[in-house]
Amino acid sequence: MESVIAPQLSEKPRIAKDYAERSTLAELWEYRELFYFLAWRDVKVRYKQTALGVLWAVIQPFFTMLIFTVVFGQIANISSDGVPRPVFYFSALLPWIYFSSTLSAAGMSLVSNSGLLTKIYFPRIVLPATAALVPLVDFLIGSVLLAGFIAYYNLPVGWSLALWPLLIVPTVLLAFGLGAFLAALNVKYRDIKYAIPFGIQLLLFMTPIIYPSSVIPERFRWLLALNPLTGLIEAFRYALVPSYSVQWSHLAISLPVTAVIVVCSVLYFRRTEKAFADIV
Amino acid sequence: MTRCIEVQALCKKYRIGKLQHDLMLREQLIQFVRKPFNRGSAEGDTVWALRDVSFHVDEGEVIGIIGRNGAGKSTLLKILSRITYPTSGAVKVRGRIASLLEVGTGFHDELTGRENVYLNGSILGMKKREVDRHFDAIVDFSGVEQFIDTPIKRYSSGMRLRLGFAVAAHLDPDVLVVDEVLAVGDAGFQKKCIKAMDELRSSGRTVFFVSHNLAAVENLCSRGIWLDAGSIQMDGAAKEVILSYMRSFASGQLSGSGPLETENRLGNGEIRYTRIEYLSPDGTPCGIVRSGDPLVIRFHYRAPKPIRDPNFGFRIFTPTGTLVTEAAHWLHGIHIPKVGPGEGYIDVEIDSLNLVPAQYQLSLWITGHGGALVYDGDLRVALDVEVTDVYRSGRMLDSRFGLVYFPQRWRVTQA
């Protein structure tokens, strides 16, 4: 879809950068430096002014893992499918924390940057995209801790570990897609702001994070599989613990569902973005 | 000369109903459940911010856009900048367009001056190597070099402004769109900014410039476009357009004084107001009344017969008829034993007009001896108060900020 007010002049234009018809991707490439600087700003601001700085990236998943191990593992005694409980929770919590923080940041990205939206032109999709990039830093830092888990629990190091960085790609796309859709919706409907944290809370329980999908009765498992996060989270777990009984069919559903969500979200975003500055 | 901007039959419609409250998905769902086939009934009243605006611009022209509040100036700039889109019509632009609708867009408090220069530069469309190349010049222009590695939350508003403008002054676009940024800062800084704009002009760039500072428009611009109620009222040489614009204010007051002559009013007609003038403290007519400016309101009257113990007063109403204030000279303990016969005038001197920008109405009255009403104009004279930067911070005070503002200082103390 064109992001232009009008086609070019009929005479040969000298430069026609800003008003020319061009695809989203080409225009995004044009604005890559803005994209970089906005992401850089958010990362910088995130770690400036915090006493613990980068440590926060480790503290959040680590302590959540501890609490989950005690509450869901020891007290509620939910199965972890034979995987050591700290590993079981931590391997799912890292991608989950990435996903949930992206979703809430991306969902708010347009509204909280209304100053930029009403004063300057840039491809609006840059804002949710930035929001999807910034929590990735936390994910990467958290991933370093995996080495500690592997050493402590003496987990076999194999090819499956190569899946870990690969799986983040569809996870980023899914979080970005949903986030962009929510962001566009949030500009128009201000109650989205309240719905996002609530939705994230529900999603935590609808995704096999505190339980393995094997505890769900066979005939209801397809419901779980409809959630594109299910396949991804389980595959993340498998990447760390190859003995984990992963359902590959879940991942096989996840990937196309993710693709559909991303395409639909971006289309919706593109369709509504022209009005953002007027209503934000 | 090559044509670089072509604007054709531009129209922009805003829905005011939707702007007044945030739309809730909940309400839409409820509406959908009630009337599933009645789409879009939530639409409120519409307002045309621009109506059929067409013009074209050649390379190297510097165009000043003038007009009153709500004439559509900002909307036009926003459409040119691609921030908002026209309801109908087309804009064709050749070349890189940079818009400067605010100084320091995207500045982040936690980041240092240096970091913000890069961030702001990239937001305004500069490449990193362009910022690299101009960095020293930018810092030099801003005059904040000692603090360049300090987080800008420690900057004064003046420093922030200078840094923001320094970045903007080093933009190198083919077309620059500037909104009222010169109205900020101290006189020395304004001079610097005007010089920077002048350099842009002499290097053959096309500049669009919206300002209430008519002197700046006259100095900088070769051409003026006067917008009124969303349409082009006049398009021509800057000097002539400004002159006609100023005259429209004067004639606006004349049309105000016209009905003053009619007999259709309360009171016994022993004395009446004949004309109202808005003056600067030096006694020259001010074309534009702005928030925070000193203002002299001169009430001309004519009394065929002498009037004993007159009391002159006026009320200021908002456009919707709310009384903002009433003033009368006897409140000041001043006693005028007698006026007339003949003509005269009364000056009301206001040090700082602390009305928030809007189109106010003045209603005038005079009472005579014993408080008997001798004149009460049911006619109201317009008082258009324009947007300005009353706090000298670069932040504009506009009609969203209520009816009045009051002089104040802020001091932050932390335990």
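# A first look at chains A and B

Of the 137 residues in the largest nonpolar core, those touching the most other members are A:A106, A:A175, B:I65, B:L176, B:V177, B:F208 and B:F209. A nonpolar core here is a set of buried Ala, Val, Leu, Ile, Met, Phe, Trp, Tyr and Cys residues joined through C-beta atoms within 7 Å. The largest share of this core, 15 residues, comes from helix α4 (residues 85–112) of chain A. This is a predicted model, in which local features need pLDDT of at least 70, side-chain atom pairs count only at pLDDT 80 or more, and totals for chains, interfaces and linings use all residues. Residues are numbered from 1 along each chain as its sequence is written, while chains are lettered from A and ligands numbered from 1 in the order in which they are written.

**Cores and burial**

- In soluble globular proteins, nonpolar side chains tend to be buried together.
- A residue is buried if 20 or more other C-beta atoms lie within 10 Å of its own, exposed if 12 or fewer, and partly exposed in between, with C-beta atoms placed from the backbone.
- Of the 415 residues of chain B, 39% count as buried.

**Around B:F208 and helix α3 of chain B**

- Leaving aside neighbours within four places in sequence, B:F208 is in contact with B:I63, B:I65, B:L77, B:L80, B:V177 and B:V178; contact means that the C-beta atoms of two residues, placed from the backbone, lie within 7 Å.
- Helix α3 (residues 73–80) of chain B has seven of its eight residues buried, so it is largely enclosed by the rest of the structure.
- The buried residues of α3(B) are B:K73, B:T75, B:L76, B:L77, B:K78, B:I79 and B:L80.
- After α3(B) comes B:R82, with a positive phi near 70°.

**Strands and domains of chain B**

- Chain B has nine helices and 19 strands; helices (H or I, at least four residues) and strands (E, at least two) are DSSP runs, numbered from the N terminus.
- Strand β3 (residues 62–66) of chain B runs parallel to strand β8 (residues 223–228) of chain B, joined by four bridges, and B:I63 has B:R223 as its bridge partner in β8(B).
- β8(B) also pairs with strand β9 (residues 231–237) of chain B, in the antiparallel sense over six bridges; strands pair if DSSP finds at least two bridges between them.
- In β9(B), B:I232 stands opposite B:L227.
- Chain B is divided into domain 1 (3–245) and domain 2 (264–401), with bounds from an automatic or database domain assignment.
- Nine residues of domain 1 of chain B are in contact with 13 residues of domain 2 of chain B.

- A:S91 sits in helix α4 of chain A and is buried, with 26 other C-beta atoms within 10 Å.
- Beyond its neighbours within four places in sequence, A:S91 is in contact with A:F236, A:R237 and A:L240.
- A:S91 and A:L240 are 149 residues apart in sequence and 7.1 Å apart in space, C-alpha to C-alpha.

**Confidence in chain A**

- The mean pLDDT of chain A is 86, and 91% of its residues reach 70 or more; pLDDT is the predictor's confidence in each residue, from 0 to 100.
- Over residues 1–21 of chain A the pLDDT is below 50, and this stretch has 39 contacts in the model beyond near neighbours in sequence.
- Where pLDDT is low, the predicted coordinates should not be read in detail.
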